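Here are my notes on this one, written as a colleague would jot them down. Have a look at the model first, then read on.

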Amino acid sequence: MCGIVGYVGEREALPIILNSLQRIEYRGYDSCGILVQDNNEGKIHVHKSMKSIAQLKKNMSKSEYAGTLGIGHTRWATHGVPSRRNAHPHFDCDGEIAVVHNGIIENFQALKEGPLSNCRFKSDTDTEVIPHLIHQSLEKFNHQTSQKSSIKDAVRECLSHLKGSYAIIATAKGFDGLVVARKDSPLIIGVGDRENFIASDVPAVLDQTNRIIYLEEGDIAVVKKDSIYIENGDSEVKREEKIIPWTIEDAEKGGYEHFMLKEIHEEPKAIIDTLRGYLSEDGINLGVEFDAGRILMVACGTSYYAALCGKYIIEHLAKVPVQVELASEFNYSDFVLDDMMVMAITQSGETADTLMALKKAKRFGCKTVAITNVVGSTATRIADDTIYVRAGPEIGVAATKSFIVQLVTFYLLGLSRAKMPERELVERIDDLKWIPQLAQVVLDEEDVNIQKHARYLAGYENVFFVGRGVNLSIALEGALKLKEVSYIHAEGYAAGELKHGPFALLTKDTPVIAILSRDHIYEKTLVNVKEIKARGAPVIAIAETGDDEVEKYVDRVIRVPKTSAIFSPIPNTVALHLLAYWTAKARRCEIDKPRNLAKSVTVE
Ligand code: M6R
């Protein structure tokens, strides 16, 4: 959803800015821009491009873009088509104040037609009003005080005119620092030694520092090479510096061709790390009081499907009723919130719709919990409590390892309040300890068990995914993942629902992937599969090793290890994540950066 970065220090800014941008290209990649300022020469160098950052790295030379202060932007277009003219940074009329921005300025049109009607605009973006407003404020201050006013005060005055969301980095010709501010969009400062870094996300700076300051809502900061000044409202504030446990290796491809494949291969480790955090000899301790009579989960995209699975898991294990709502729908609904506990499920902790849902729940006085992967993210600051899933940085736009550890968290939540005899509980917890191995077995058989089916699937344009019970959400997730990375039209359905309409679409050209775990509705699902076959659609089953029955009725079988029904989503998910990846690979798609998407969706 646009990534912004900044650097001020003693080293050449260009390579640092380009590296940082490349690390957060997942936030948007339809165009990019950089600015480097050479304060010795009093020069500003600007480059905007529709090319990838990798290409810019090859083409731009340090000597041409010399300077020790810089800003950069990688764009996911909202206002204005992807083009060089709409790429950031944007400037005031004199070309002296530069701004990069992530977010949306809702009242930009009114500002353009009102107080800024005399300005010359060069782009169609909402962002461009910001440098013009800063310029106007500076002019006003200079006039009033006959003294060069600080750019920070001008930024603050400018922000008072803006409606919407923003994380911005502003600088001005001849100024030796960066002024940064945030409202409803994330922004961090990476603290270095005689140098400092700014970024939308931690992975942008991980190769330089793990000392991170998370800016809070309404913060404005002036960042120079050896100082960081932060204010909120009228007064200076101190923000705690956090040490981030992620390493740069976590945020690199480590020999894999794509982040998505690397991250699927990290699923067993992510499960182990998450279990280790909360499960010990003494039992399960999530650090959160979990005593509500009812739970509402709000989430978007893959996290929403994880929540749907969580509903089955928690209701099955703990017998606590769980309702799941899409955050974007919940925000504008008349949903009756009573004394329920509201859980926001969000990998990034920055998804705008999910954050709005959290805020709504708080307004209604509900106890709120964020289940997220990102330490210090906005969700953690809004919610009363946080449960961290421990996936490590997830860079691929398609969520994979974060989904699986969200499921792990639901197992832990369910088992922490399990309604079952002690002996059964012990068995379930033992089963839980085995789930990393279940995931690993699927990965170990990737080449023989998945790739050939992916090559087959790559030849089709429409695919259905079906499952039932706890695996319905896994079918939905499988379909989302396939469409997202391979551009094959895919729909997930409850297996029993196809006959209520979608049957009309079944032909020999619409393969159906059927999840056939050995659960209490296995026989029913098998009947559904026979009905599908009878309509001429090819069926690929995801079935347990040793289930020979299934082969009689389907065309192809992807094998997953045997497990108790409630844990079957784990191997099934790994298989479907791999299937999506290898299908996209066979279709030569841009796997880590699917068209039109961005990793964290920080606009409504
Ligand atoms: O960071 P979040 O979990 O809140 O993100 C929610 C969705 O935007 C995200 O899961 C999206 O659907 C993924 N790209 C799917 O792979």
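The points below go from the whole chain down to single residues.

1. Ground rules first. This is a predicted model, with local features needing pLDDT of at least 70, side-chain atom pairs counting only at pLDDT 80 or more, and totals for chains, interfaces and linings using all residues. Residues are numbered from 1 along each chain as its sequence is written, and side-chain values use heavy atoms, with hydrogens and water left out.

2. Overall size. The C-alpha trace spans about 85 × 50 × 45 Å along its principal axes.

3. Secondary structure and packing. You'll find 18 helices and 27 strands (DSSP runs numbered from the N terminus: H or I of at least four residues, E of at least two). Of the 604 residues, 61% count as buried (under 20% relative accessible area; exposed is over 50% and partly exposed in between, with a 1.4 Å probe and protein chains only). Among contacts (heavy atoms within 4.5 Å) with a separation of 6 or more, 71% come from residues 24 or more positions apart.

4. Helix α16. This helix covers residues 472-486, and its 15 residues reach 21 Å from first C-alpha to last, close to the 21 Å expected (1.5 Å times one less than the number of residues). It is mostly covered, with 13 of the 15 residues buried.

5. What comes after α16? Next up is Tyr-487, in the loop between α16 and β24 (489-494). Its phi is positive, near 60°, and Tyr-487 is partly exposed at 26% relative accessible area.

6. Other backbone spots to check. Most residues other than glycine have a negative phi, and most peptide bonds are trans. Asp-184, in the loop between β8 (178-183) and β9 (188-191), has a positive phi near 60° and is partly exposed at 28%. The peptide bond from His-88 to Pro-89 is cis, with omega near 0°; Pro-89 sits in the loop between β4 (69-75) and β5 (90-91).

7. Which residues does His-161 touch, leaving aside neighbours within four places in sequence? They are Asn-107, Leu-111 and Leu-133. His-161 itself is in the loop between α5 (151-159) and β7 (164-172), partly exposed at 34%.
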